[in-house]
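Visitor: Please show me the structure, and then take me through a few of its features.

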Amino acid sequence: MNKLKSILITTLICCLYFNGIAQQVESEYNGQPDKKKNATYFSNGLQSKYREDTEGAIRNFEQALRYWPNDDASMYELSEQYYNAGRVEEAFSMIQKAVKTNPENKWYQLRLGLFYRNLEQYDDFINLYEELTKKYPDDTEVLSELIDAYLSMGQLDKALTYMNLLEEQVGPTEIITEQRLNIYKRQGNDKKLIAELEKLIKENPENVRYYSMLAQVYTENGKEKEALKAFEKIKELDPNDPYINISLLEFYEKNGDKDKAFDELIAAIRNKNLDLTTKANIYDYWMNNNQGSSQMEMQAKQCGEAFIETHPDNKLGYLILGSYYIINENAVKSKELYQKALVIDSTDFYGWQNLIISESRLDENQAVRDHAVAALKYYPMQPVFYWYAGVASAVLKDNENAITYLEKGRRYTTDKVQMANFDAFLGDLYHEQGDEEKAFEAYDRTLRNDPDNVLVLNNYAYYLALKGQDLDKALEMSTKAIAAEPDNPIYLDTHAWVLYMKGNYKEAEKHMKKALKLLKEPDETYTKHYEAIMNKLKN
């Protein structure tokens, strides 16, 4: 039998022996240490631990301590198992006992430190770790934990002291540097912060990040010239740095140089290393901050062109530039741009809405209706598209579909003015269809939501006068209309005709004469109305 095989068989026999003992009743314990039985239970406890049998491990380690109450190894293991079982107080108490029994064991102390930190007993944690750094001055992990604890406690000077000690051990690192810089910031110690950054730049002259941090500190301290030099150095070292244009934009804007700030905005949009989301955000920021500027429209145009030039496959530039042309009433150009935006993203709400507006300005009513109907596939609850589909259908003499679209659209709006617009148009369409009852219902709804709608006041009054129906109501509405627009010949004619129908011929004559004087060209309806009034007056 070879030596390895002999060792394996011996180990197996020992395990079987210990397992057999572990299952005996423990009535034979007489209060005296029994290291043999302690070893048996400790071994069984480790086996339970590796099988992740927490309860079994606890039973075995407790029995191990029963046979040797000063067994710090069992205390250490039992502390872990108590913690796993959620018995935190017992776990904490047991690791304290282990440290007290064997105060030289580093691992026991480290676990105790974890408890202190988790229980936010930072003073105890710091005292323990200060002792550990004295015993193990080369242990960088202990030093790092101690630094973090001091930072958590806000003891920044102490953190700096141990940071310097850590740097002596491991040499300068970016993490230590960052922590030191953050401490100087928290302390408001700009002098040391600047000195540290200048030192770092001297050691790392190609690192643009340090220049950026230095520029920010200079800016915050009102040192504009020094800040500008740092920014220019970044541009020199890395002209394609994705954030340099944003930093300079903020710098120039803060110092009141709007022209240079805008140049940096355009440069940022053209910078291929800067992500599109950030570009869109700074564009929005600029436009919101410069509302009312006389240059805003032209700047929006330049931004839109820069977006299209740099990101031709994204809709944003086309939408921005399209809005510029809509504002400046170039419907041909805006239509072209919104069509391109929709090729890229056929679901864009503003793309559809502004394409339709452009086409309506060009009197392309068939296209307006077709595109409004197409937009409704994506936005079936948006009243604006029902409105355009309805109006375009009416212009195309398709009143049935116009009424269908407008009736649907009015159900999706909660805005009173928008609702009034739907109902006013519906009233005219129903009247044209000869359905006076529905027309008058629509007009009534309009005036409930928009009681000063002059056009509806006039039309409703006129249609009631033609039917000789509700003449007092008609007079009230026509009176309100001419009060709003006293020199409108259409409204004066309606008022005169209502007065005529009520038999007030003298007043009717007065308003009819005024209407005829205001007419730019003769009108047959007005003439007939005047003749009818004159006949009644026997004139």
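Visitor: Is Val88 buried or exposed, or does it lie in between?
Guide: This is a predicted model, in which local features need pLDDT of at least 70, side-chain atom pairs count only at pLDDT 80 or more, and totals for chains, interfaces and linings use all residues. Residues are numbered from 1 along each chain as its sequence is written, and side-chain values use heavy atoms, with hydrogens and water left out. Buried means under 20% relative accessible area and exposed over 50%, with partly exposed in between (1.4 Å probe, protein chains only). Val88 has a relative accessible area of 33%, so this residue counts as partly exposed.

Visitor: In which helix is Val88 found?
Guide: Helices here are DSSP runs of H or I with at least four residues, numbered from the N terminus. The run covering residues 88–101 includes Val88, and this helix is α5.

Visitor: How far apart are the end C-alpha atoms of helix α27?
Guide: The expected span of a helix is 1.5 Å times one less than its number of residues. For the 14 residues of α27 (residues 471–484) this should give 20 Å, and the end C-alpha atoms agree, being apart by 20 Å.

Visitor: Which residues of α27 are buried?
Guide: On the face turned away from the buried side, α27 carries the exposed residues Asp472, Glu476 and Ala483. The buried residues of α27 are Leu471, Ala474, Met477, Ser478, Ala481 and Ile482.

How values were computed. Helix = DSSP H or I, 4+ residues; strand = E, 2+ residues; numbered from the N terminus.
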